[in-house]
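User: Can you walk me through reading helix packing and pockets in a model?

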Amino acid sequence: FKWAHFVVLTRSCFLEIEKLRNDNCCVIPFGDLLNHSNVETRSNYNEKTQCYEIITETKFQKGEEVFISYGSHGNGQLIRYYGFTFNQNDRDNILIDLDAELLHTSSQKLKRKNIHSNSQHPAINVRPLAHASLIPIKQNIIRQNSLDQNYFVAFGGQISWTLLTSIRIYAMSEYELSKNLYKKALL
């Protein structure tokens with residue numbers, strides 16, 4: 001099982017094909033022979049040629065190795081999925097395990113300390129992130145929209161879209177959930 005799992009993991013990519021209406025995983029033969037670097041690449045299925053194309057946006061000289069990007073990964077993700085790291089990785093980050101109970105507890109502590117959006121700190125917009133009864137509903141929305149993964153804060157300050165969106169959903173009131181306003185957070 002492990003062998004098959006890693007064959008797919010190291011050679012797979014997702015295709016966006018209009019006719020299929022969903023992202024689809026496919027295996028690229030010899031895909032693991034292409035080495036990663038933090039370069040700009042784009043890739044997708046070309047319906048005219050019926051081939052998967054990977055195009056580098058980085059210039060290279062004759063005889064130089066051509067690199068592709070496996071994605072914007074920090075060293076934690078690189079070592080876990082590909083078995084290597086970079087000494088100087090400008091995409092390095094801290095992965096976060098988002099726990100609704102922790103968010104709920106923290107927001108209640110802030111509320112007890114009287115930190116509100118109308119306080120002397122107008123940049124802080126705090127309200128209870130979740131009523132206990134709403135947590136399962138919010139977690140379900142997050143799971144159904146595949147937002148329960150890749151939570152990170154990069155050392156340069158970038159916060160992953162999935163983390164920001166999940167926090168927005170956890171911060172929604174019962175009224176906002178009833179009006180399906182979480183869909184705006186997904187845009």
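Analyst: Let's take the helix pair, then the pocket. This is a predicted model, where local features need pLDDT of at least 70, side-chain atom pairs count only at pLDDT 80 or more, and totals for chains, interfaces and linings use all residues. Residues are numbered from 1 along each chain as its sequence is written, and side-chain values use heavy atoms, with hydrogens and water left out.

User: At what angle do α4 and α5 pack?

Analyst: In general, two packed helices are described by the angle between their axes and the distance between the axes. Here α4 (residues 135-144) packs on α5 (residues 161-170) at about 150 degrees, axes 9 Å apart. The pair is therefore roughly antiparallel (an angle over 145 degrees).

User: Which residues of α4 and α5 make the contact?

Analyst: Lys138, Gln139, Ile141 and Ile142 come from α4, and Ser166, Ile169 and Tyr170 from α5 (contact means heavy atoms within 4.5 Å).

User: And how much space lies in the largest pocket?

Analyst: The general idea: rolling a probe the size of a water molecule over the atoms shows where empty space is left. In this case the largest pocket holds about 1400 Å³. A pocket is an open set of points on a 1 Å grid where a 1.4 Å probe fits, with protein on both sides within 12 Å along at least five of seven lines; lining residues have an atom within 4 Å of a point. Of the 41 lining residues, Phe14, Tyr70, Gly71, His73 and Tyr82 are the closest to the centre. Helix α2 gives the largest share of the lining, five residues.

Note on methods
Axes fitted to C-alpha atoms, helices over the stretch in contact; angles between N-to-C directions. Helix = DSSP H or I, 4+ residues; strand = E, 2+ residues; numbered from the N terminus. Parallel < 35°, antiparallel > 145°, perpendicular 65-115°, else oblique. Points joined across faces, edges and corners; volume = space filled by probe spheres on them.
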